[in-house]
Amino acid sequence: MTRLVSKTPEGPLADKWTNYKSKVNLVAPNNKRRIDVIVVGSGLAGASAAATMGELGYNVKCFCFQDSPRRAHSIAAQGGINAAKNYQNDGDSVYRLFYDTIKGGDYRSRESNVHRLAEASVQIIDQCAAQGVPFAREYGGLLANRSFGGVQVSRTFYARGQTGQQLLIGAYSALSRQIAAGTVEMYNRHEMLDVVVVDGKARGIIARNLVTGEIERHSAHAVVLATGGYGNVFFLSTNAMGSNVTAAWKAHKKGAYFANPCFTQIHPTCIPVSGGFQSKLTLMSESLRNDGRVWVPKRKEDCGKDPLSIKEEDRDYYLERIYPAFGNLVPRDVASRAAKYVCDEGRGVGKTGYAVYLDFSSAIKRLGEDTIRERYGNLFSMYERITDENPYKVPMRIFPAVHYTMGGLWVDYELSTTVPGLYAVGEANFSDHGANRLGASALMQGLADGYFVLPYTIGSYLSGEIRTGEISSDHPAFDKAEQEVKDRLQKLLSIQGDRTVDDFHMALGKIMWDKCGMARNAEGLKQAISEIQALREEFWSNVFIPGDASGTNVELEKAGRVADFLELGELMCRDALDRNESCGGHFREEYRTEEGEAARNDADYTYVAAWEYGGKPNEPNLHKEELVFDNVELKTRSYK
Amino acid sequence: MKFTIKVWRQNGPKDKGRFETYPLDGIDDDMSFLEMIDVLNQNLLTEKKDPVTFDHDCREGICGMCSMYINGTPHGPEKATTTCQLHMRSFKDGDTITIEPWRAKAFPVIKDLMVDRSAFDRIIQAGGYISINTGNAIDANAIPIEKDLSNEAMNAAVCIGCGACVASCKNSSAMLFLSAKVSHLNLLPQGKAEAKRRVNSMMKAHDSEGFGACTNTGACHAVCPKEISLTNIARLNREYIGASLTSEKE
Amino acid sequence: MNWITEFFTSTIGKKVIMSLTGLFLCLFLLIHLVGNLQLLLNDGGAAFNAYSEMMSKNPFIKAVSFILYFSILLHTVRGILLWQQNRAARGGVGYAVKKANDASFASRNMALLGSLMFIFIAIHMAQFWYQFKFGDVASGSIAPYDKIATAFEVPWIAILYVVAQIAIAFHLWHGFQSAFQTLGLNHSKYTPMVKGLGYVFSILVPLGFAIIPLKFLLG
């Protein structure tokens, strides 16, 4: 059994990263040329890692399932990226960003990693500006900032509502430069279907060419997974349609521990589901809650009525009522849960009854329509395009949606998983956000890992590989892995059942959303586990996939991903069941304060739950990494 | 709502391809266009048939993956809207909807509506970047940039690389795409150092991919989901002519 | 490859050729029109005949005329080759349904309009230029003014000339502003002026040319 060693460097918190960097083993340039690294995924973390390692001189192979690395879902991030630049002179510092992130994460993340993240944030902005990312500016020509939820300083850098797009294009351009230079070989429309472990070390991957259907072997001295989060286990989420857990899950099955899978973030302001065939939920920036008032009718009978006809005294501005201190600006998890409760009471609005109103009429009265248009014009027009309703006249309808997964592959300080030579960066790892991620921190983490952390830390491992020589893909481990991948594809194709892949995915999503969503309880989670097991069994005997494994077969691709979600879903429920406390995105209904708020249990659960694959999806083994807080005091959040 | 869907089916790059027509019922006007295709595909799967293959990913109008030529227009009838953000309320009950893949020599069809747009990647690889290595950057506020200039660069940088410009152009020219990238980087002070080299090299890549010449019809701008302006093409021309005439290199 | 050939064989370089020759031809059209408007004077052709005489003798004009012939040929040949290249870029399969978008009729049909113009120019040169240079006008058997007057009294010839002006107008409607765009001469303040000037030019110049045959036809 592998012991969890976080490899946190010695010394005071603020010096750990500097000390680490000055002592870490390096690989000489002539040796780097002889070392191959595989990067799976081309979002912010993957593209920046591949580009930077290419610049350093490693031979990099980068894989993405999309038709171009520029399409990875990092592109959809709207709001911005945090950095402790203190350009606004409002008292920001690396320590403050570190502290906010630890506190925002409800004290379930590793101090040393988070402090390093805060340190790197400063360099990220310099790097991106130098790459030509057109960040918003003031008339004086210097960079502009805005504030974001949960913090008291203005440290968010942004490029209109398309910050993720611009940062990804920056990383993609750096990657493209390395592709042109020949240091990175790019494999578009390729999906990783297994990690190959030779003598205990990750030595390559098995990938499927999604155009030709060919199964390919790729060998390397190290493999980096930058494959994003697993929010699509819920079927409906703000993730892209193709976002999946397959790469991380295969790694898990090959020995990488999966940490805190139950920590998922639900974003309160999304456009609600409109019908049964909805495929995707669209997020709208949280900033809307600055001027919008959230309400539902007081009486169930009023829910079907035209909102404008419901009198002021018949409306329940429930956030303002329950949380008078913060009102509509309570944090994401609190706002989301409150919306769920009023809808569960039957007071939800809209076609499905799963929506609440976000009303701008009083803000428009107070500030005028022009001011509101100036602040939120693009969001209002996006809303109108999707719903065909004019939010200047009719209150918006919103509902929470799955947005981000804090959990992921367990990694140590060096971002190495429990399999030597296998690394995880960005949303794919668990490391920096604890139980809840603050706004504008996902982009920061992806880029910190890719540009500034992994390229150093991977040297510590690769410096021991300079005498290894080229890794052959003829090793029996490759034969075995390839055969397993092929067998599994054939197995899927041979079922020829009656239910479509999407059908199973939707059924899984419903179980997860109902029982492992915004609020969980032991009984529901136990039910969910048995329902998922039954669904998984049915999947493997009744799924229908047309065609064969040669050439493009989208249903086959989806089936492989859903098969993995069906296993991950169970692990998420087991993790949620194990964690007998409420913290961050994980809210157990049994564990709340007298006022009904989340009750954290620091005495028993200040640990990272790292799950080891036990040979079958229903037999995971739990390992705990105790979290030590030397620099911050654990406090309870209150918003009343 | 009820529709007749006439869609291009092509088994692979070498198949000749043909149109297939499918009746479709029970469509809600709040559905997105791609959700309508999802329904069509679920129906096909129930009949044990091969579903229509199409590119899509984020479904919120930013990744640039969706690429359908709908009733004679890339991304369909709504202005400044990608296919994934198009909704069925933009059509009339009973309409026949014809869906074709992007057509251009540089965008060969892979299957059905899915095309190969890697030519765009190769254009970027030719120079769509600022050549700095990670870790070499100076402080971000060391170079003040005029707000209007930065905005102008951003207006170009919002390009999502979907290829609608090429699809709509009677010459299959990728000048709008190319000019957006060149404008974004050449406008900014950070990009000036290699501005000439960039435009020369990217222009060469554009031509060798087999895209046509721009005849300034403006069809690209009309269909661009991000409304990239034609002034970028003028800027590209200016940059290219200037670079060719003044660059010290042969 | 030499930088000059590289430039002129790039898609932008090819368009620059179209643009420069096109603008030169616009300038020629204007001068040609100013000269020809003398046909409208009620002086029995005295002014026009004198102008014609000057044009055929002046060595500077002679030299410029060779640049003109070259420009016409270059503009035509380059245009046809570009059209061919652009067609090839489309690939083999076209769209089954194609909706007209914001692109103007003129902009979409420059090659067709240009071809019509080239045919017209060939007819026009056979009919007048050749006769002025080598035929009966050159030999002195008929005065330039009379040559033109008799030609345009034939209705189909006059109508052909008027119709040709329509093609020219459309070609200029797009071509004039497009030439500036190709050269990268674009500015939020001046481009609207250039466009306006282009529209005025593309209407007034062909209109001026059209009046001449109509004058002779309708007497």
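Let me start with a term: a polar contact is a pair of N or O atoms within 3.5 Å, and within protein one of them must be able to donate a hydrogen and the other to accept it. Please also keep in mind that this is a predicted model.

I turn to chain B, which is divided into domain 1, residues 3–111, and domain 2, residues 117–246. The C-alpha centres of these two domains of chain B lie 29 Å apart.

How many residues of domain 1 of chain B are in contact with domain 2 of chain B? There are 21, and they meet 20 residues of domain 2. About 1500 Å² is buried between the two domains of chain B, with carbon and sulfur atoms giving 62% of that area. On the side of domain 1 of chain B, Ala80(B), Ala106(B) and Phe107(B) lose the most area to domain 2, together 33% of what that side buries.

Next, the polar features. Between domain 1 and domain 2 of chain B, five residue pairs are in polar contact, both residues being at pLDDT 80 or more. By class, the side of domain 1 of chain B touching domain 2 has eleven nonpolar, seven polar and three charged residues. One salt bridge is found across this interface of chain B. Arg117(B) and Asp55(B) form a salt bridge through their side chains, at 3.5 Å from N to O.

The largest nonpolar core has 243 residues, and Met53(A) and Ile81(A) have the most contacts inside it. Among the residues that Ile81(A) touches are Ile124(A), Phe135(A), Leu167(A) and Met444(A). In soluble globular proteins, nonpolar side chains tend to be buried together.

Terms used. Residues are numbered from 1 along each chain as its sequence is written. Chains are lettered from A and ligands numbered from 1 in the order in which they are written. This is a predicted model: local features need pLDDT of at least 70, side-chain atom pairs count only at pLDDT 80 or more; totals for chains, interfaces and linings use all residues. Side-chain values use heavy atoms; hydrogens and water are left out. Domain bounds come from an automatic or database domain assignment. Contact means heavy atoms within 4.5 Å. Buried area is the accessible area (1.4 Å probe) that two parts lose on being put together, summed over both. A salt bridge is a side-chain nitrogen of Lys or Arg within 4 Å of a carboxyl oxygen of Asp or Glu. A polar contact is a pair of N or O atoms within 3.5 Å; within protein, one must be able to donate a hydrogen and the other to accept it, and residues adjacent in sequence count only if both atoms are side-chain atoms. Ala, Val, Leu, Ile, Met, Phe, Trp, Tyr, Cys and Pro count as nonpolar, Asp, Glu, Lys and Arg as charged, and the others, Gly among them, as polar. A nonpolar core is a set of buried Ala, Val, Leu, Ile, Met, Phe, Trp, Tyr and Cys residues joined through side-chain atoms within 4.5 Å. Buried means under 20% relative accessible area, exposed over 50%, partly exposed in between (1.4 Å probe, protein chains only). Lists of a residue's contacts leave out its neighbours within four places in sequence.
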